[in-house]
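Okay, thanks for coming, everyone. Let me put it on the screen.

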Amino acid sequence: MLIRLFQQDSTYSVRAWRGLHFPVVFVNFSGSSPAKRPKYLANCRWPNGFKCPRCGNQRAYVMTRLWQCAGCRHQVSLTSGTILHNTRVSLVLWFWAAYLMTTDKRGISALLLQRQLELRRYETAWMMLHKLRRAMVNVAREPLYGEVEIDEAWIGGPQAGLRGSRQLKGRRAALVLVAVEKRGKASGRLRIAVIPDFKTTTLSAFIQQHIAPGSTIYTDALKSFTGLDNIGYRHIARAQPKTTELRKGAKSVVPLADRAIGNLQQWLIGTYHGVSRAQLQVYLDEFVFRHNRRNQPMAAFQTLLGLGTQQQSTAYSRIRGALDLAPTSAHG
Ligand SMILES: [Zn+2]
């Protein structure tokens, strides 16, 4: 049996986003004639109406996929800057692929996508998934803030299940560092990175890259987590109970980070049956993307297709204002 990612997440739902309802627009798109599809793309790109990127004019002449500004005559392609641009794969297939990838919580393998879309070539399915994953990696990021738990783990090797055994090193295993926002008992946003070692400089660099100064950081008592108070963080380090004690029900000092690591390991095994070290970061990015967008499938869908770019500042201000956290606290 495959273990589902985020199986504890009972509040997962398809909700309206930016006034567009996910399944409705999708079904409309899929069933509509090719001539009407540009209208859907236009609604995605300019949810508040057309705005010329050059002069700001709000009137345009519509020429199928090309829109021309009525002010300065600047032409804007509906698909430029998206993965739909200059592709030989039909738009409908792209939409289906992004839809399947964002609605299946585990993700989808190239073989399954090929079967679902009845693609003649496996390579086409593989290429599409590859491109969609790249869109996940390129998401603009704001640092985590507030209360943040950090923990380290071995991933991808045969000893993946033996967290806490820092001496065990396998050639195929990778070290990762996990940071997760603590919102009461629930998890906020997540970051995971492959790291070369557990040195203080490595850990500090990760923290400065991913966590806003002034945040409170919770860690176990690993010696490398030192000096964080000197670089602008409040640091609370506590000794982690031994693995045997944790199995008997002792409380982890970083429970949310532990849960994220457990989910990550189950997901990697269940969906991809193990991942090579070289590719690991891409899959970590996919895992993080899925986690951070788990309550916004519509946003995830549009981000994958590169359609949501005009609205990113709004989306992230929602995150900063913690508006996106309300639904997640319900299942804490
Ligand atoms: Zn213009």
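Buried here takes 20 or more other C-beta atoms within 10 Å of the residue's own, exposed is 12 or fewer, partly exposed is in between, and the C-beta atoms are placed from the backbone.

Quick housekeeping. This is a predicted model, where local features need pLDDT of at least 70 and side-chain atom pairs count only at pLDDT 80 or more, while totals for chains, interfaces and linings use all residues. Residues are numbered from 1 along each chain as its sequence is written.

Now the overall picture. The protein has 11 helices and 8 strands; these are DSSP runs numbered from the N terminus, with helices being H or I of at least four residues and strands being E of at least two. Of the 332 residues, 32% are buried. And if you take the contacts with a separation of 6 or more, 57% are between residues 24 or more positions apart. A contact means two C-beta atoms, placed from the backbone, within 7 Å.

For pairing, DSSP has to find at least two bridges between the strands. One of the pairs here is I150 with A179 in strand 5. Strand 6, residues 186-195, is also antiparallel to strand 5, over 8 bridges. There, V180 has L190 as its bridge partner, and V178 has I192. Strand 5 and strand 6 form a hairpin with 2 residues between the strands, and G184 in that hairpin has a positive phi near 65°.

Zoom out, and you get an open sheet of 5 strands in the order 6-5-4-7-8, with mixed pairing. Strand 6 and strand 8 (234-237) are the edge strands, each pairing on one side only. On average, neighbouring strands of this sheet are turned by 25° against each other, ignoring direction. For angles in general, axes are lines fitted to C-alpha atoms, for helices over the stretch in contact, and the values run from 0 to 180 degrees between N-to-C directions.

What packs on that sheet? Helix 6, residues 200-210, touches strand 5, strand 6 and strand 7 (216-219), and its direction makes about 135° with that of strand 6. Helix 9, residues 280-292, lies across strand 4, strand 5 and strand 6, and runs at about 170° to strand 6.

Strand 2 and strand 3 are joined by 3 bridges, and Q68 sits opposite Q75 in strand 3.

On to the helices. Helix 3, residues 91-103, packs with helix 4 at about 130°, with the axes 11 Å apart. From helix 3, L93, W96, A97 and L100 meet L113, Q116 and L117 of helix 4. By class, that's 6 nonpolar, 1 polar and no charged. Nonpolar covers Ala, Val, Leu, Ile, Met, Phe, Trp, Tyr, Cys and Pro, charged is Asp, Glu, Lys and Arg, and the others, Gly among them, are polar.

Helix 3 also meets helix 10, residues 297-305: the axes come within 9 Å and cross at roughly 135°. So helix 3 is oblique to helix 10 as well.

Most residues other than glycine have a negative phi. R73, though, has a positive phi of about 70°. R73 is in the loop between strand 2 (66-69) and strand 3 (75-77), and with 13 C-beta neighbours inside 10 Å it counts as partly exposed. E118 has a positive phi too, about 55°. You'll find E118 in the loop between helix 4 (110-117) and helix 5 (122-137), where E118 is exposed, with 7 other C-beta atoms within 10 Å.

Notes. Parallel < 35°, antiparallel > 145°, perpendicular 65-115°, else oblique.
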